[in-house]
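Hi there,

Here is the structure I promised to pass on to you.

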Amino acid sequence: MEPYATEELLACCIARLIGAARHVAVGAASPIPATGAYLSRSLHNKNLRISLLHKRVGNPFTEGSRELFDLAGQGRIDVFFLGGAQIDGEANINLVRAEGRRFPGSFGSAYMYFAAKKTILFREEHSPRVLVKKVDYVSAPGWSEPGVERRGGPAALLTGKALFLWQKEQRRFRLASVHPDSSAEDVRANTGFDYDAPASVPMTATPTREELELIRGPVARVIAENYPEFARHVWGALAQLRPA
């Protein structure tokens with residue numbers, strides 16, 4: 001097994017979750033989801049369209065997020081990513097206030113949670129402070145009552161310790177795997193909400209040599225153009241390379 005960065009492991013998880021999607025949209029300040037999206041395209045999904053909301057050059061959106069919302073409303077966004085100051089066991093997210101602090105706000109999270117076909121919840125920090133029993137404020141709900149029009153919803157929750165898959169009928173998460181530097185016991189102790197888990201929890205698959213070569217080659221060059229500080233942190237000198 002070749003050495004890898006935690007960010008690379010998480011990007012590989014995201015690439016697998018994206019699957020055969022046609023269009024992935026990535027919000028601002030989301031370098032790991034963006035890395036996963038470009039890895040997915042490099043590996044097996046050559047026609048995948050990737051829209052970066054804050055892309056520095058060549059951004060397809062001339063009017064910003066309004067066009068993204070329009071595409072989502074038409075059913076043309078297959079995968080989107082959301083995080084939150086808090087995420088609870090019913091996949092509700094809180095982007096407004098927690099622990100006496102105010103945050104930038106929900107913006108279009110509630111709309112995208114309903115309109116995008118699949119949402120991957122992503123938060124690197126895995127602690128009872130973030131993964132709570134019940135969010136203090138529902139910015140975007142993880143489920144809806146029968147009869148409510150909703151195209152999409154949560155598919156998975158990826159953290160720095162584990163991967164959970166969403167169970168729509170049960171309205172709760174199921175632990176799918178734990179990352180190599182964690183354990184089922186560690187995940188349970190640091191998760192504020194209850195969830196299902198198999199008797200023996202698998203370990204998250206580590207990056208393959210092919211995945212690492214792509215991440216550190218063509219993917220790193222694209223990411224360096226759009227997330228230079230992140231690229232410098234993860235890949236060092238690669239951040240200075242221009243896109244191929």
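**Surface, fold and cores**

The accessible surface of the chain is about 11,700 Å², with 50% of it belonging to carbon and sulfur atoms; areas here come from the Shrake-Rupley method with a 1.4 Å probe, and for residues only the protein chains shown count as cover.

Before the details, a word on conventions. This is a predicted model, in which local features need pLDDT of at least 70 and side-chain atom pairs count only at pLDDT 80 or more, while totals for chains, interfaces and linings use all residues. Residues are numbered from 1 along each chain as its sequence is written, and side-chain values use heavy atoms, with hydrogens and water left out.

**Overall shape**

The chain has seven helices and twelve strands, where helices (H or I, at least four residues) and strands (E, at least two) are DSSP runs numbered from the N terminus. Its C-alpha atoms fill a box of roughly 45 × 45 × 35 Å along the principal axes. The radius of gyration is 17 Å, which agrees with the value near 18 Å that a compact globule of 244 residues would have; the radius is taken over C-alpha atoms, and the globule rule is 2.2 Å times the number of residues to the power 0.38.

Of the 244 residues, 50% are buried. Buried means under 20% relative accessible area, exposed means over 50%, and partly exposed is in between (1.4 Å probe, protein chains only). Among contacts with a separation of 6 or more, 68% are between residues 24 or more positions apart, a contact being heavy atoms within 4.5 Å.

On charges, there are 31 positive and 26 negative side chains, and the centres of the two sets lie 4 Å apart. Lys and Arg count as positive and Asp and Glu as negative, without His and the chain ends; the place of a charge is NZ of Lys, CZ of Arg, CG of Asp or CD of Glu.

In soluble globular proteins, nonpolar side chains tend to be buried together. The largest nonpolar core in this chain has 36 residues, and those with the most contacts inside it are Ile18, Val24, Phe81, Ile223 and Trp235. Helix α1 (residues 6–18) gives the largest share of this core, with seven residues. Apart from it lies another core of 28 residues, among them Ala72, Ile77, Leu121 and Phe173. A core here is a set of buried Ala, Val, Leu, Ile, Met, Phe, Trp, Tyr and Cys residues joined through side-chain atoms within 4.5 Å.

What does Phe81 touch, leaving aside its neighbours within four places in sequence? Phe81 is in contact with Ile14, Ile18, Val24, Ala25, Val26, Pro33 and Ile120. Pro33 lies in helix α2 and counts as buried because its relative accessibility is 3%. Beyond four places in sequence, Pro33 touches Ile14, Val26, Phe81 and Phe122.

Helix α2 (residues 31–43) also holds Ser40, which is buried at 0% relative accessibility. With neighbours within four places in sequence left aside, Ser40 is in contact with Ala15, Ile18, Gly19, Asn45 and Leu48.

**Backbone and loops to look at**

Ala91 has a positive phi of about 65° and is placed in the loop between β4 (86–88) and β5 (93–94); at 0% relative accessibility, Ala91 counts as buried. For Arg171, phi is near 55°. Arg171 is in the loop between β11 (162–167) and β12 (172–178), and at 34% relative accessibility it counts as partly exposed.

Ser144 is in the loop between β9 (131–132) and β10 (154–159) and is partly exposed, with a relative accessible area of 23%. Not counting residues up to four places away in sequence, Ser144 touches Phe114 and Arg150.

Leu68, in helix α3 (residues 65–73), is buried at 1% relative accessibility.

Best wishes
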